[in-house]
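Have the structure open as you read.

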Amino acid sequence: MERQKERVRAMRPKKRIVFPEGTDARVIGAARRLAADALIDPILIGPPPADAPAGVTFVEPAKSPKLQDYTRLYHERRRAKGMTQMEAATIAPRPLYFSALMVASGDADGFVGGAANTTAETVRAALHCIGSMQGVKTVSSVFLMAVPDAAYGVNGMLSFADCAVVIEPTPVELAEIAIATAKSTRDLLDAEPAVALLCYSTKGSGKGKRVDSVVEAMRILRERAPDLHADGELQADAAIVDAIGRSKSPGSTVAGHANTLIFPDLMSANIAYKLVERLGGAAAIGPFLQGLAKPANDLSRGCSEDDIYSVAIITALQAT
């Protein structure tokens with residue numbers, strides 16, 4: 001995380017990250033540290049406390065001169081879904097939605113929520129107000145895995161997706177997850193992605209509908225992102241171990257050198273990251289949302305001040 005902190009500290013202008021749960025003591029503590037460390041410009045939604053930390057902005061939606069603009073923006077985005085102007089005026093001041101609308105309008109560079117709201121509520125606000133990135137409809141998640149052996153990935157760092165959001169992706173969704181995760185590898189690990197679409201088969205060694213789905217996802221990926229350094233279908237060992245990659249997939253420039261691992265479904269991805277974390281001694285950092293037009297991230301309601309601090313740093317990197 002030290003490398004990520006230095007990259008964020010060097011950004012000019014500093015990224016503005018908004019926190020919808022601005023009255024939560026953990027959020028206030030993290031914002032105080034982020035401002036003191038000159039990492040970001042924190043914006044907290046809620047009234048300022050008596051001992052408001054220096055360098056932290058507090059915004060009360062009902063008193064904001066931007067509220068009417070945000071209401072109009074929200075109505076425009078949701079009108080096709082039957083949203084009325086009156087309904088938009090009721091929803092826009094809610095902290096999660098107000099924060100997401102700040103990001104959507106360019107008044108903040110990203111938001112970090114979920115300290116006191118559910119994942120469903122946080123992701124819904126992000127989807128309704130910010131929406132997905134151009135060319136990608138699938139919002140997914142990525143874990144950054146820091147393994148003890150620096151020979152793997154980017155000095156021991158790899159991107160795993162999707163471990164938390166899309167349960168059974170279609171081939172199109174899997175291709176979109178790969179595209180979004182490649183961007184996460186660039187933004188968060190500061191490295192060129194080498195993307196492996198994982199499977200129980202390597203280049204036709206196994207058969208079945210699940211293999212066919214990964215093969216189709218790879219075809220779509222090549223069509224949509226022809227310049228992306230990607231390959232599949234690859235077994236996990238062929239993706240990350242050089243000798244096995246050369247043996248099972250000769251001629252592949254990804255096999256044996258992948259730093260961005262795309263799993264065929266959430267079940268395998270979730271199992272894999274937990275096993276790597278517990279048996280392999282890795283640190284699992286995340287999950288972080290990806291595929292949104294602008295950054296938004298969800299916290300666990302059991303998060304600590306340190307967790308909020310770290311997620312804000314990653315969110316600032318996603319805003320590059």
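Which residues in helix 1 meet which residues in helix 7? On the helix 1 side there are Arg-3, Gln-4 and Arg-7, and on the helix 7 side Arg-186, Asp-187, Leu-188 and Leu-189. Contact here means heavy atoms within 4.5 Å. Sorted by kind, the residues of this contact are 2 nonpolar, 1 polar and 4 charged (Ala, Val, Leu, Ile, Met, Phe, Trp, Tyr, Cys and Pro count as nonpolar, Asp, Glu, Lys and Arg as charged, and the others, Gly among them, as polar).

A quick word on the ground rules: this is a predicted model, where local features need pLDDT of at least 70 and side-chain atom pairs pLDDT 80 or more, while totals for chains, interfaces and linings use all residues. Residues are numbered from 1 along each chain as its sequence is written, and side-chain values use heavy atoms, leaving out hydrogens and water.

Helices (H or I, at least four residues) and strands (E, at least two) are DSSP runs, numbered from the N terminus. Angles run from 0 to 180 degrees between N-to-C directions, with axes fitted to C-alpha atoms, for helices over the stretch in contact.

| Elements | Angle |
|---|---|
| Helix 1 (residues 2-9) and helix 7 (residues 171-189) | roughly 80° |
| Helix 6 (residues 119-129) and strand 11 | about 170° |

The axes of helix 1 and helix 7 come within 10 Å, and the two helices are therefore roughly perpendicular (65 to 115 degrees).

Now the sheet: it is open, with 5 parallel-paired strands in the order 3-2-1-4-11. Pairing takes at least two DSSP bridges between two strands. Strand 3 (57-59) and strand 11 (296-298) are the edges.

Methods
Angles under 35 degrees count as roughly parallel, over 145 as roughly antiparallel, 65 to 115 as roughly perpendicular and the rest as oblique.
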